[in-house]
Amino acid sequence: MKEDFPLLKSNVVYLDSAATSQKPSCVIDSISNYYKSINANPHRGAYNLSVQATSAYDNAHEVVKEFINASSSKEIIFTKNATESLNLIAYSYGLDNLSEGDEVVLTIMEHHSDLVPWQEICKKNKAILKYMYVNENYEISDSELEKITSKTKIIGITHVSNVSGTINDVKKIISVAHKHNAKVVVDASQSIAHMKVDVQDMDADFLVFSSHKMYGPMGIGVLYGKEELLKNMTPFLMGGDMIEYVYEQDTSYAELPQRFEAGTQNVEGAVGLVEAINYINKIGYDKIREHERELLKYSRSKLEELDFLELYYPKNIDNHSSVISFNIKGVHPHDASSILDTMNICVRSGNHCAQPFLRSLGIDSTLRMSLAIYNDKSDIDHLVDALIKVNKMFEKYKES
Amino acid sequence: MEELDIYNELLMEHAYSKKNKKELDSYDACSLGHNPNCGDEIKLEVKLSEDKKLIEDMSFSGHGCAISQASTSIMIDTLKGKSIKEAKEIINIYFKMIRRENITKEDSKLLKDAMILKNISNMPARVKCAMLAWHTLDDMLNIDKKA
Ligand SMILES: Cc1ncc(COP(=O)(O)O)c(C=O)c1O
Ligand SMILES: [Zn+2]
């Protein structure tokens with residue numbers, strides 16, 4: 001698979017796909033072809049080029065709808081990224097639907113983008129923000145679900161944690177939530193490239209992801225929302241393309257999804273995202289899962305042999321996706337990642353935009369490797385060799 | 001791998017040394033430095049001489065990467081016993097060195113062990129770690145002037 005990805009032709013060992021994936025040639029080419037042949041402002045011209053650009057952009061909604069099995073393309077809204085999608089939900093849904101004393105329940109694993117907006121909205125509306133914590137296995141136990149009560153109005157869950165790689169049982173959490181009439185926001189940023197996401201099967205009320213973590217371009221993200229919810233929400237951004245009639249004092253808004261897509265849109269991004277979806281579909285999620293699970297198993301066993309590591313992931317591989325966090329005992333992860341960088345190995349270090357989660361685990365930061373379809377066992381072997389070297393460099397000092 | 005030279009023996013010894021890592025019985029100024037990139041957090045304590053002209057003692061606590069910890073410990077060794085005026089000059093020489101500006105031989109002598117960080121700009125992501133303590137102290141010394 002590596003040969004599909006031009007950037008990987010250099011001898012870089014890329015193990016940071018959870019931050020952003022590399023892009024296959026077909027995606028890169030689709031963007032350049034868009035500009036070479038059909039670029040125009042969609043929805044704004046009666047001439048043929050604009051019609052083509054409009055049709056490429058509209059088609060992208062259809063493709064995403066099929067991809068996540070939404071019931072209508074009206075439920076697919078393009079944003080800049082997962083972060084913007086989550087802010088849109090907090091501001092357009094949360095602000096109008098939370099009253100004093102209502103509760104928002106998040107997992108402690110949430111990325112700052114699914115946490116900070118809720119803090120703001122809860123403060124504004126005097127609502128209460130609660131968290132479901134993980135057990136020693138980095139999983140949400142059933143007892144934590146008791147925090148979901150009739151007071152709960154909104155629940156935020158990440159499908160896969162970008163720190164521990166835990167796969168949350170979103171279907172179960174959603175069914176508990178719906179018993180209490182709460183709405184559920186699913187952050188699929190870390191699952192979308194790795195497993196089939198079916199919004200109807202999950203019964204998610206909202207679901208978000210970014211294109212750039214699933215082999216697509218940066219600058220475009222998706223917000224899925226049930227039509228009955230979206231159609232009653234106040235637009236987030238206002239201006240061109242999202243209106244029907246504008247009078248001096250009042251405006252009527254366009255239909256879904258346009259009413260949430262104000263201003264000139266990222267058509268090249270939509271075109272690239274469609275190509276990324278085609279790429280994933282061509283390989284197939286079954287094959288992706290199989291390849292990545294094999295690699296995950298290999299990585300876990302190799303890392304578990306290194307007794308100088310601390311590992312932060314679920315014991316049961318069935319609940320673990322392609323993200324692995326760890327630390328070299330006594331070595332700060334930033335030193336380790338700087339040294340790994342000199343060996344051409346890209347891993348992430350830091351708090352992964354999940355400070356409350358790390359704090360709840362009693363750690364400041366971790367090293368994080370993450371897998372994608374283009375990784376292979378030699379990438380893991382390189383990393384393991386390098387980790388042994390880093391540990392040797394520090395060994396004699398850290399014990400003194 | 002020129003970058004790896006940063007993690008040399010001297011830096012490692014400073015990074016894991018406990019010598020300057022303590023709390024002072026009394027101090028004239030105390031300030032926190034934070035580098036959100038890395039999560040480095042240090043607390044500097046400075047004790048001045050009676051006439052408030054000399055840095056009589058200095059210590060730090062906190063946690064962070066080897067580069068932030070070592071550069072803090074080295075700074076304390078380099079600046080302890082200096083007058084505030086000299087300390088500010090040396091801090092400026094250090095900043096110049098990090099920015100890869102030319103510094104004279106005499107100036108580089110004043111930096112002592114801090115010279116080992118001269119190539120830190122080869123690792124741009126880590127420059128803030130090397131600057132943290134020095135910026136924190138620089139701010140402390142300059143606040144004193146305003147007061
Ligand atoms: C779980 C999770 N949610 C949200 C985000 C935010 O994605 P973006 O920065 O593309 O908006 C990320 C990625 O950083 C993530 O890992
Ligand atoms: Zn640092």
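Tyr215(A) counts as buried because its relative accessibility is 1%, where buried means under 20% relative accessible area (1.4 Å probe, protein chains only). Tyr374(A), with a relative accessible area of 2%, is buried. The model is predicted: local features need pLDDT of at least 70 and side-chain atom pairs pLDDT 80 or more, while totals for chains, interfaces and linings use all residues. Residues are numbered from 1 along each chain, chains are lettered from A and ligands numbered from 1 in the order written, and side-chain values use heavy atoms, without hydrogens and water.

**Aromatic contacts**
- Over all chains there are 16 aromatic pairs (ring centres within 6.5 Å; planes under 30 degrees apart are stacked, over 60 edge-to-face, the rest tilted).
- Tyr215(A) and Tyr374(A) pair edge-to-face, at 6.1 Å centre to centre and 80 degrees between the planes.
- Tyr215(A) lies in the loop between β7 (206–210) and β8 (221–225) of chain A, and Tyr374(A), 159 residues apart, in the loop between β15 (366–370) and α12 (377–398).
- Phe5(A), Tyr215(A), Tyr279(A) and Tyr374(A) form one aromatic cluster.

**Ligand 1**
- A polar side-chain atom of Thr83(A) lies 2.5 Å from an oxygen atom of ligand 1; for Ser210(A) the distance is 2.6 Å, and for Lys213(A) 2.8 Å.
- The protein covers 87% of the 400 Å² of accessible area that ligand 1 has on its own (Shrake-Rupley method, 1.4 Å probe).

**Confidence**
- The complex has an ipTM of 0.89 and a pTM of 0.94 from the predictor.
- Chain B averages a pLDDT of 91, and 95% of the residues score at least 70 (pLDDT is the predictor's confidence in each residue, from 0 to 100).

Conventions
A polar contact is a pair of N or O atoms within 3.5 Å; within protein, one must be able to donate a hydrogen and the other to accept it, and residues adjacent in sequence count only if both atoms are side-chain atoms. Rings of Phe, Tyr and Trp (its six-membered ring) pair if their centres lie within 6.5 Å; planes under 30 degrees apart count as stacked, over 60 as edge-to-face and the rest as tilted. Helices (H or I, at least four residues) and strands (E, at least two) are DSSP runs, numbered from the N terminus. Buried means under 20% relative accessible area, exposed over 50%, partly exposed in between (1.4 Å probe, protein chains only).
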